[in-house]
Amino acid sequence: MAKGIEQTDISRVILMFLTPLLALAFLAFSTAAMAQEGRIHPGAPIYKQAGCITCHKWHGMGGPGYGGTPINFRQNFLTREQLIEVIACGRPGTGMPYHIPEAYISYDCYEGMALDDFEPEDQPGKSRSVLRYRQVKQVAEFIIDHFEGRDDTLLPSDCEIFFGKSRMCKNLKMDSGGGGGAK
Ligand code: HEC
């Protein structure tokens with residue numbers, strides 16, 4: 001009996017020490033993760049590697065050779081879910097390719113559309129870079145977190161996210177609108 005009480009006391013003491021320790025460890029861990037995110041958004045490398053940057057440009061305002069009506073991520077009117085759908089499924093009738101390989105097959109696009117439902121010339125192309133759903137979400141969040149609500153000012157720091165502290169990013173043409181500055 002006495003031993004049982006002793007044991008609960010010991011575990012209580014251990015808990016008393018352990019709980020704040022665990023809390024501290026968790027705090028340190030999450031701050032480190034946040035600091036890392038402050039440096040670079042997890043969606044940023046995807047934006048570059050998946051080739052979004054070739055059409056939508058590092059500044060998110062599109063530019064020449066982009067294959068559609070210029071759209072500007074800084075004036076994004078799409079919800080997070082709509083962004084995810086466009087990135088996953090492409091946009092029929094435009095040059096925006098789909099990025100999830102199972103799109104229109106096992107991955108639902110535009111409420112059960114199949115590629116054959118579109119005229120051949122309107123069928124979205126398949127992107128050369130494959131994204132998983134999680135990466136689609138991350139790059140959608142990057143558009144919201146990084147571009148949305150910004151004015152058209154071109155900042156070297158925006159360019160440096162993708163190209164580092166290069167000369168290209170220092171000598172930006174400060175004209176606004178589609179495609180200004182470095183490619
Ligand atoms: C080959 C060029 C090309 C590539 C590569 C490309 N896009 Fe697009 N994107 C377009 C075009 C063209 C449109 C359609 C504009 C329109 O509606 O006329 C578009 C539309 C969009 C839209 C819809 C925006 C709106 O407001 O309607 C989003 C979001 C988007 N792209 C994100 C991405 C992301 C993220 C990637 C990379 C994973 C990517 N795009 C890759 C050309 C491209």
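The structure shown is a predicted model, in which local features need pLDDT of at least 70, side-chain atom pairs count only at pLDDT 80 or more, and totals for chains, interfaces and linings use all residues. Residues are numbered from 1 along each chain as its sequence is written. Over residues 30-37 the pLDDT stays under 50, and the model gives this stretch 1 contact beyond four places in sequence, two residues being in contact if their C-beta atoms, placed from the backbone, lie within 7 Å. Residues 174-183 also have a pLDDT below 50, with 24 contacts in the model beyond near neighbours in sequence. The average pLDDT of the protein chain is 83, and 73% of the residues score at least 70.

The secondary structure of the protein chain consists of 7 helices and 0 strands; helices (H or I, at least four residues) and strands (E, at least two) are DSSP runs, numbered from the N terminus. Among contacts with a separation of 6 or more, 66% join residues 24 or more positions apart.

The axes of H4 (residues 80-89) and H5 (residues 133-147) come within 9 Å and cross at roughly 125°. Axes here are lines fitted to C-alpha atoms, for helices over the stretch in contact, and angles run from 0 to 180 degrees between N-to-C directions. The two helices are therefore oblique to each other, since angles under 35 degrees count as roughly parallel, over 145 as roughly antiparallel, 65 to 115 as roughly perpendicular and the rest as oblique. On the H4 side, the contact is made by Arg-80, Leu-83, Ile-84, Ile-87 and Ala-88, and H5 contributes residues including Val-136, Ala-140 and Ile-144. The buried residues of H4 are Leu-83, Glu-85, Val-86, Ile-87, Ala-88 and Cys-89, and H5 is included in what covers them.

After H4 comes Gly-90, with a positive phi near 75°. Ile-100 lies in the loop between H4 and H5, and counts as buried because it has 23 C-beta neighbours inside 10 Å. Its C-alpha is 9.1 Å from that of Gly-90, 10 residues away in sequence. Beyond its neighbours within four places in sequence, Ile-100 contacts Ala-88, Tyr-107, Leu-131, Tyr-133 and Val-136.

Technical notes. A residue is buried if 20 or more other C-beta atoms lie within 10 Å of its own, exposed if 12 or fewer, and partly exposed in between; C-beta atoms are placed from the backbone. pLDDT is the predictor's confidence in each residue, from 0 to 100.
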